[in-house]
Amino acid sequence: MKIHIVFPVLLMITGCALAQKVKENQVPAPVVTAFHKLMPEIKNYKWSNEDGKYEAEYKLGKNEQAALFDAGGNLIETEKEIPVNMLPPGIAEYVLKNYSGSEIKEAYEITDARGLKKFEAEVKNAGLIFDADGKFLEEEKE
């Protein structure tokens with residue numbers, strides 16, 4: 001009986017440890033400055049700390065977006081929500097074949113600081129990461 005209680009609590013603690021919501025005054029000044037330079041028109045956003053990296057989450061139009069920075073204010077990557085049908089060819093087939101009974105709930109385009117693109121397809125409790133050609137790279141548990 002104790003295992004049934006302890007396991008869900010550990011999962012919740014682990015999830016909180018991966019990305020903690022923080023107030024802007026807890027974000028290093030270079031990060032805040034870099035975000036405002038990158039997205040000066042964004043006024044409504046939320047910060048989280050992901051293992052020492054800082055993510056600003058915001059909406060642009062109806063789409064969720066995010067920008068991830070290191071503690072020095074260097075942009076690591078941006079992420080923007082895209083329609084599922086905008087994923088590169090092959091991703092839907094990969095999900096159908098390898099995640100039977102799952103459907104892609106959300107899709108994101110991820111662009112690193114060098115301009116290289118990856119894509120994320122969210123299914124069940126995982127984010128599946130693919131390269132720009134639709135080749136599977138990794139699974140990130142959520």
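Which strand gives the most to the lining of the largest pocket, and with how many residues?

Guide: Strand 3, residues 53–60, gives the most to that lining, with five residues. Two remarks on reading come before the rest. The model is predicted, so local features need pLDDT of at least 70 and side-chain atom pairs count only at pLDDT 80 or more, while totals for chains, interfaces and linings use all residues. Residues are numbered from 1 along each chain as its sequence is written, and side-chain values use heavy atoms, with hydrogens and water left out.

A pocket here is an open set of points on a 1 Å grid where a 1.4 Å probe fits, with protein on both sides within 12 Å along at least five of seven lines; its lining residues have an atom within 4 Å of a point. The largest pocket has a lining of 32 residues, and those nearest its centre are A19, E50, E55, E57 and E79. Sorted by class, this lining holds 18 charged residues, nine nonpolar and five polar (Asp, Glu, Lys and Arg are charged; Ala, Val, Leu, Ile, Met, Phe, Trp, Tyr, Cys and Pro are nonpolar; the others are polar).

The protein chain has three helices and nine strands (DSSP runs numbered from the N terminus: H or I of at least four residues for helices, E of at least two for strands). Along the sequence they follow the pattern α-β-α-β-β-β-β-α-β-β-β-β. Nine strands make an open sheet with antiparallel pairing, in the order 1-2-3-4-5-6-7-8-9. Strand 1 (20–22) and strand 9 (136–141) are its edge strands, each pairing on one side only. Strands count as paired if DSSP finds at least two bridges between them. Strand 3 and strand 2, residues 45–50, are joined by six bridges in the antiparallel sense. Opposite E50 stands K53 of strand 3, and E50 is also one of the residues nearest the centre of the pocket.

The aromatic residues come next. A ring pair is described by the distance of the centres and the angle of the planes. The structure holds eight aromatic pairs (ring centres of Phe, Tyr and Trp, its six-membered ring, within 6.5 Å; planes under 30 degrees apart are stacked, over 60 edge-to-face, the rest tilted). Y94 and F130 form another edge-to-face pair, with centres 5.4 Å apart and 85° between the planes. Since Y94 belongs to helix 3 (residues 91–98) and F130 to strand 8 (residues 126–131), their pair ties together parts 36 residues apart in sequence. Y94 is partly exposed at 24%, whereas F130 is buried at 0%.

Back at Y45 and W47, ring pairs link these two with F35 and Y58 into a cluster. In helix 2, residues 29–38, lies P30, which counts as partly exposed because its relative accessibility is 42%. The C-alpha atom of P30 is 9.4 Å from that of D70, although the two residues are 40 apart along the chain. Over the whole chain of 142 residues, 35% count as buried.

Key:
Buried < 20%, exposed > 50% of the residue type's maximum accessible area, 1.4 Å probe, protein only.
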